[in-house]
Amino acid sequence: MKELLTGNEALARGVIDAGVHFASAYPGTPSSEILKNIALDDRLVAEWAPNEKVAMESAIGASIAGGRAFASMKHVGLNVAADPFMTYAYMGVHGGFAFVSADDPGQHSSQNEQDNRNFAKFGKVAMLEPSDSQECYDMIREAYELSEELNTIVMVRSTTRISHAKSLVETRDRKEVAIKPMWDRATNMKHFGSAPSSSKPNRRLLDARQGEMLAAAEKSPFNFVEDNGSEIGIVTSGAAYNYVKEVFGDKANILKLGFTCPLPIEKIRAFAGTVKKLYVVEELDPYMEEQIKAAGIECIGKEVIPAVDELNPGIIAKALLGQEHKGVQIDPKDLIPRPPTMCAGCPHRSFFYALGKRKDCYISNDIGCYTLGGYEPLFCLDSGICMGSATAVGHGVAKVLAQSGEKKRVVAVMGDSTFFATGMNGLENSLYNGSNLITVVLDNRITAMTGHQENPGSGFTAQGEVSHMVSVEDVARAFGCEQIRTINPHDQEATNAALDWAFDLSEPCVIISRYPCALKKYTEADLEEFGPLDRRFTVNQDVCIGCKKCTRTGCPAIIFQTDIKKSSIDQNQCLGCSLCSQVCPVKAIHAVGEPCLGKETQKK
């Protein structure tokens, strides 16, 4: 049966149909939808992990227990999971083990665009690179056969375009695979112990596996030649293959590689012998090009193909043919600048509006929706390094400021999900090593930016089961933090009071800003705690003095009408957070159906 699926949907279906028993992930664009779709099937266990390291380790455990196991993450997530990944690569597998690294060329939603193909080479594991949804499905299924045959982890490297583009996929029935019996303890220690007595022999076995892996790559059906009788040859893989096809059609010979670690050098050498000029077209790093040149095969790659940013047909046409490739043409005058901003009604905006008025502080921010607090007009960011980094970075800043005699306070801001991911380790560190850090956890009751996935604090699992709800306050108190306050950020009086309290302290403290994401579907617990979203706000323009103070909240629902110099509110966007009404100096903004408390201005 054929279905129209995104790459992520196809990967999820392939995992299910490969007979996988256990899947774990931490959400991160462009990988988030993989686990979400796996979790819809109850024939396997699917879980959101607190971070990528835990996801990788949980899947490793499932593999050791004899089940087929899967993990997924975005490219920077593999940095977090690198420790267990590199060690399990030594050990081989028991049950088949595959994972997806979803890279983000062009940094559409990421802090960098690292090329994780290098991780596969670094770890000496097998790697597959799909070019469309059908290959996503086929390759993830084949990954388990390769994993068990070659005794290796298999990494499937996707990219943003592959993850989110749709194409037809022919699926097959699920393969039911029996869980293998666990080995005895002595055998487990030999294979899965990481003490030198085990890891030294495993290191040699890792290298011994490379020959079999290379032989599999050389004969893999995912590596094939399109012979069009041309003197120009192109070696390519992943999304770049689609761009090459769009530009060249049948006017070049193409070696399309899908099994790319280890690289099938002899297949490439044979292909190079059939053409007069060989190009290597790949996104980001010269991963294939460097290995091809090291093998003594002449080729042209990054001399003409950029190593930065996402490729497209236009870049390839200009680089290889000297031609302008006309796609959809848009007049730049028709493009309206749209800086990234938080949604109308976002509780983070209300907190940042209050924090932004504190000019005597350094704000160590985190990666997530709260990163948007750094943009105009809130300007609440001095640094934002990576997931869960705010507390540890803030601790370092605080320590050096203390040495310099600088009286500036340090505020570390992160979300509930990133707190549970790795941020609480930084809080633990700041308490242990004694920095006067103000830690703020913006608890919006969900993992918001990546698509509303559950987390340890939400009370639900990936498969919708009610679970233990981990409390941010309980965790902070267990670490030994004695100064903790929880506030509703939409209440500006309470928020400012909490900030005054924190800034006056001479010891570490935690502020928990607790209110659901503006886009979250409320649970019964949310309704009981916060009440329904049943208000909208409006501007009494007879009272409005056109001061624009409401626009300085950055809420996209607020419109300043320049012709009459008055504000108005888009009722389709307003969610009734009330921030604008609290900051209006003349009380011109009020809830629909309620009286305006402002005094009408005199008409000229």
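This is a predicted model: local features need pLDDT of at least 70, side-chain atom pairs count only at pLDDT 80 or more; totals for chains, interfaces and linings use all residues.

User: Why is the pair Glu 266 and Arg 269 called a salt bridge?

Analyst: The closest N and O atoms of Glu 266 and Arg 269 are 3.4 Å apart. The cut-off is 4 Å between a side-chain nitrogen of Lys or Arg and a carboxyl oxygen of Asp or Glu, so a pair at such a distance qualifies. By this rule, the count for the model is 30 salt bridges.

User: What makes Glu 266 and Arg 269 partly exposed?

Analyst: Glu 266 has a relative accessible area of 47%, and Arg 269 has one of 35%. Buried means under 20% and exposed means over 50%, so values in between are called partly exposed.

User: How do you know that Glu 473 and Arg 477 form a salt bridge?

Analyst: The N to O distance between their side chains is 2.8 Å, and the cut-off is 4 Å, so the pair meets the rule. Glu 473 and Arg 477 are four residues apart in helix 17 (residues 472-478), again about one helical turn. Glu 473 is partly exposed at 28% relative accessibility, as is Arg 477 at 41%.

User: Which parts does the salt bridge of Glu 303 and Lys 293 tie together?

Analyst: The side chains of Glu 303 and Lys 293 meet at 2.9 Å, N to O. Glu 303 lies in the loop between helix 12 (287-294) and helix 13 (313-321), whereas Lys 293 is in helix 12, so the pair ties together parts ten residues apart in sequence. Lys 293 is partly exposed, with 35% relative accessibility.

User: Which residues of helix 12 are buried?

Analyst: Tyr 287, Met 288, Glu 289, Gln 291 and Ile 292 are buried in helix 12. Just after this helix, Gly 296 has a positive phi of about 80°.

User: Which residues are linked in a network of salt bridges?

Analyst: The network joins Asp 103, Asp 115, Arg 117, Glu 129, Arg 157 and Glu 282.

User: Why is Ser 513 called buried, while Gly 374 is called partly exposed?

Analyst: Ser 513 has a relative accessible area of 3%, and Gly 374 has one of 23%. Ser 513 is placed in strand 19 (residues 509-514). Beyond its neighbours within four places in sequence, Ser 513 is in contact with Phe 351, Val 441, Leu 442, Asp 443, Ile 487 and Pro 489. Gly 374 is found in the loop between strand 14 (361-365) and strand 15 (383-384). Residues up to four places away in sequence aside, Gly 374 touches Phe 379, Cys 380 and Leu 381.

User: What makes a group of residues a nonpolar core?

Analyst: Members must be buried residues of the nonpolar kinds, joined through side-chain atoms within 4.5 Å. The largest nonpolar core has 57 residues, of which Ile 38, Phe 70, Ile 140 and Val 281 touch the most other members. Helix 6 (residues 133-150) gives the most to this core, with eight residues. Apart from this core lies another, of 43 residues, including Ala 59 and Ile 153. In soluble globular proteins, nonpolar side chains tend to be buried together.

User: How many residues of each class line the largest pocket?

Analyst: Its lining has 17 nonpolar, 21 polar and three charged residues. The volume of the largest pocket is about 730 Å³. Among its 41 lining residues, Ser 109, Ile 367, Gly 368, Thr 371 and Met 449 lie nearest the centre. Helix 16 gives the most to this lining, with five residues.

User: What lines the second largest pocket?

Analyst: The second largest pocket holds about 590 Å³ of space. Of its 21 lining residues, Pro 339, Thr 341, Gly 554, Cys 555 and Pro 556 are the closest to its centre. By class, the lining of the second largest pocket comprises 14 nonpolar, four polar and three charged residues. Strand 21 (residues 558-561) gives the most to it, with three residues.

Definitions and conventions: Residues are numbered from 1 along each chain as its sequence is written. Side-chain values use heavy atoms; hydrogens and water are left out. Buried means under 20% relative accessible area, exposed over 50%, partly exposed in between (1.4 Å probe, protein chains only). Helices (H or I, at least four residues) and strands (E, at least two) are DSSP runs, numbered from the N terminus. On a 1 Å grid over the protein atoms alone, a cavity is a set of points where a 1.4 Å probe fits but cannot get out, and a pocket is an open set with protein on both sides within 12 Å along at least five of seven lines; lining residues have an atom within 4 Å of a point. Grid points are joined across faces, edges and corners, and a volume is the space filled by probe spheres set on the points. Ala, Val, Leu, Ile, Met, Phe, Trp, Tyr, Cys and Pro count as nonpolar, Asp, Glu, Lys and Arg as charged, and the others, Gly among them, as polar. Contact means heavy atoms within 4.5 Å.
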